[in-house]
Structure formats: C-alpha cells, structure tokens
Amino acid sequence: MRTIDTLGDLSGKSVLLRSDFNVPLDGDQNITDDGRIRAALPTLKTLTDAGAKVVILAHLGRPKGKVDPAFSLAPVAARLAELSGVKVTLAADTVGPSATET
C-alpha cells in the first residue's frame, strides 16, 4: 500500500484528500465531538509541511440531493482552522466557476 512517504516530492503539488468529517452537531450548529477532525490533523500537517496544497473532500449528513444549511461544512472548516492554525477556505459549491476559483 502506498503511503505519504512514498509519494515523493509534494512541494507545490495539489493533493486531493478525502476526509470523514461527518461530525455530530447540536441544534445551534456547534460541533459536539471533533474527534474526526483531530484524527485528520497528522495527515494534514505532514502534507502541508511537505509543501503540498491540500484540497479536502468531505460531506456532512445526507441532505438527499438538496442544499440544506443544516448540513453545511462551515462549522467543520472553522474548527479545522482553529485546530490546525491554517487558513481554511470553504468552497461555496462543488462544481462551476466558484468551485474552480476556490
């Protein structure tokens, strides 16, 4: 199995990372258990320390194909930024010009 250490020089490269950030939220959109976010930190640190630009794919809940603010990853992005000390930009969409720009 390939590991980060076998990927070679990542400096200046974009790395697509699938993360399970399906964390529990209370009624006010506060994360009640950030364990999944914390579990991703060592991998994210390794990649950023290697000079990679990291693009994270994640989802929250199962909105059944409809946009629902209750399933926004905004609280996850904010918590990830807090824990990592790195600026986290949340894409407003997954396709189209805004996604490409982000």
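## Surface patch

A patch is made of residues with over 30% relative accessible area and no salt bridge, where like charges are joined within 9 Å and nonpolar side chains (Val, Leu, Ile, Met, Phe, Trp, Tyr) within 5 Å. This is a predicted model, in which local features need pLDDT of at least 70 and side-chain atom pairs count only at pLDDT 80 or more, while totals for chains, interfaces and linings use all residues. Residues are numbered from 1 along each chain as its sequence is written, and side-chain values use heavy atoms, with hydrogens and water left out.

Leu16, Val55 and Leu57 form a nonpolar surface patch with about 260 Å² of accessible area together (Shrake-Rupley method, 1.4 Å probe, only the protein chains shown counting as cover for residues). Val55 lies in strand β2, residues 53-57 (strands are DSSP runs of E, at least two residues, and helices runs of H or I, at least four, numbered from the N terminus).

## Strands

Strands β1 and β2 run parallel and are joined by five bridges (pairing needs at least two DSSP bridges). Val15 stands opposite Val54 in β2.

## Salt bridges

A salt bridge is a side-chain nitrogen of Lys or Arg within 4 Å of a carboxyl oxygen of Asp or Glu. The count comes to five salt bridges.

Arg36 pairs with Asp20, the closest N and O atoms being 2.9 Å apart. This pair links distant parts of the chain, with Arg36 in helix α1 and Asp20 in the loop between β1 and α1, 16 residues apart. Lys45 and Asp49 form another salt bridge, at 2.8 Å between the closest N and O atoms; both lie in α1, four residues apart, about one turn of the helix.
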